[in-house]
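Biologist: I have a model open and want to learn to read it. Where do we begin?
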Amino acid sequence: MDDSEKGVHRPNGREQREFFLSRKKNLAVSLLLLCGCYTAVLYPAYFPREAKAWRQDSLAQRREEGLLNRSAGLLSRACRPGWSRERLRAVHPGRLPLAVPVFLRDVGGEQRLSPPLGLRGSEERAAAALGSLPQSGLPPSLAAGGCRRCVVVGSGGILLGSRLGDHIDQHDVIIRMNSAPVSGFERDAGSRTTIRLTYPEGAPHSPREYTNTSLVALAVFKSSDLDWLTGVVAQKPLGWWTRLWFWQEVVDSIPLRPENFRILNPEIIRETREVLLGLSEAPGHQGSHSKMVPTLGASAVVMALQLCDEVSLAGFGYDLQHSDTPLHYYESLHMDAIKVQVVHDVSMEKTFLRELVGATVLNDLTGGLT
């Protein structure tokens, strides 16, 4: 039985030639496929998505260079005596913070407000804490005359990658808050500390963070904070009952001499709060913030205005519109975390600081308030 009878069809020579490509067509298809492969491989190299990121990085780098150049320009010119306070007086003649001692020197007079705005109910503990300090006023380096430049170093993530460390160290007075670290971040945050303003729970636990530190100043938020300072200065651990009043573990020992400790005058925090509450004239605005407590960062700015002729900021400016950006320069916590707290009004504080930067009362070295 042949194939036709079996139902099998065998292509003839013509059909076979039509099925297979000619050499010319085969060459053309091969070249086309080769070009397609090269295009698929080379296109990302010449037109990558990363090119946009590179351009963004380039823009960010140019911005950082601009900030560095501006900071260098500020440091290269002569210090201007009384500049920041004069600018503040010219812009807001009725809102200049009172000239009060920066550090607590005595507990005399009637205490109308409780901590952190006063010392009512904590007078005896404050007197005991002051009694443990060999010195309570300004140290000679800050009491001496001459024009001084301050920089208040905030903890904002915007400080990371700024490369401002060397410029920060060139200021006469460098103020830091709480546990914001220096060790490992010298390139961006600097290595010197003139005043570390802190409450007990915020004081760094690592002894390295007190290297090149002139003063640790306690911000009193509750009566037990004064007991903590007395214990640290005397190098006596706190009792278990006193420890119960702190919301997290506090350090027992700080590697500084007793003369290197101070107590922030509660009037500084009270004045900061009054300035913040006076920002808005909207009815009911002040009442809605009647229990608002300013951050140590805002209080440090008011303190700096008392101490120095020119005041700069670095690491300030929360970007609440981008919740995935770093909150602090030294940890992975994101911006969303700031929205959880209800004690501080960071939006009001940013308005306050941005206004002072716009009026050239303050210099914003990292550009987070411009």
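Modeller: Begin with a definition. A salt bridge is a side-chain nitrogen of Lys or Arg within 4 Å of a carboxyl oxygen of Asp or Glu. Keep in mind that this is a predicted model. Here arginine 80 and glutamate 310 form such a bridge, with their closest N and O atoms 3.0 Å apart.

Biologist: Which parts does the pair of arginine 80 and glutamate 310 tie together?

Modeller: Arginine 80 sits in the loop between helix H4 (50-76) and helix H5 (83-91), and glutamate 310 in strand E6 (residues 310-314), so the bridge ties together parts that are 230 residues apart in sequence.

Biologist: Is glutamate 310 buried or exposed?

Modeller: Use the cut-off: buried means under 20% relative accessible area. Glutamate 310 has 3%, so this residue is buried.

Biologist: How many salt bridges does the structure hold?

Modeller: The number is 13. Take one within a helix. Glutamate 267 and arginine 270 meet at 2.9 Å, N to O. They are 3 residues apart in helix H12 (residues 266-277), which means a separation of about one helical turn. Glutamate 267 is partly exposed at 25%, whereas arginine 270 counts as buried at 14%.

Biologist: With which other residue does arginine 270 form a salt bridge?

Modeller: With glutamate 271, where the closest N and O atoms are 3.0 Å apart. Both of these residues are buried. Elsewhere, salt bridges link Glu64, Glu65 and Arg163 in a network.

Biologist: Now the cysteines. What is a disulfide?

Modeller: It is a covalent bond between the sulfur atoms of two cysteines. In this model the count comes to 2. One joins cysteine 79 and cysteine 147, with the sulfur atoms 2.0 Å apart. The torsion about their S-S bond is about -65 degrees, so this disulfide is left-handed. The pair links distant parts of the chain, 68 residues apart: cysteine 79 lies in the loop between H4 and H5, and cysteine 147 in the loop between helix H7 (140-143) and strand E1 (149-153). Cysteine 147 is partly exposed, at 27% relative accessible area.

Biologist: What is the handedness of the link of cysteine 150 and cysteine 308?

Modeller: Right-handed, with 50 degrees about the S-S bond. This link also joins distant parts of the chain, 158 residues apart: cysteine 150 is in strand E1, and cysteine 308 is in the loop between helix H14 (296-307) and E6. The sulfur atoms of this pair are 1.9 Å apart. Cysteine 150 is buried at 0%, and cysteine 308 is buried at 5%. Counting bonded cysteines along the chain, the pattern is 1-2, 3-4.

Biologist: What does asparagine 363 contact, leaving aside its neighbours within four places in sequence?

Modeller: Arg70, Leu74, Val311, Ser312 and Leu313. Asparagine 363 is in strand E7 (residues 362-364) and is buried, at 8%.

Definitions and conventions. Residues are numbered from 1 along each chain as its sequence is written. This is a predicted model: local features need pLDDT of at least 70, side-chain atom pairs count only at pLDDT 80 or more; totals for chains, interfaces and linings use all residues. Side-chain values use heavy atoms; hydrogens and water are left out. Helices (H or I, at least four residues) and strands (E, at least two) are DSSP runs, numbered from the N terminus. Buried means under 20% relative accessible area, exposed over 50%, partly exposed in between (1.4 Å probe, protein chains only). Contact means heavy atoms within 4.5 Å. A disulfide is a pair of cysteine sulfur atoms within 2.5 Å.
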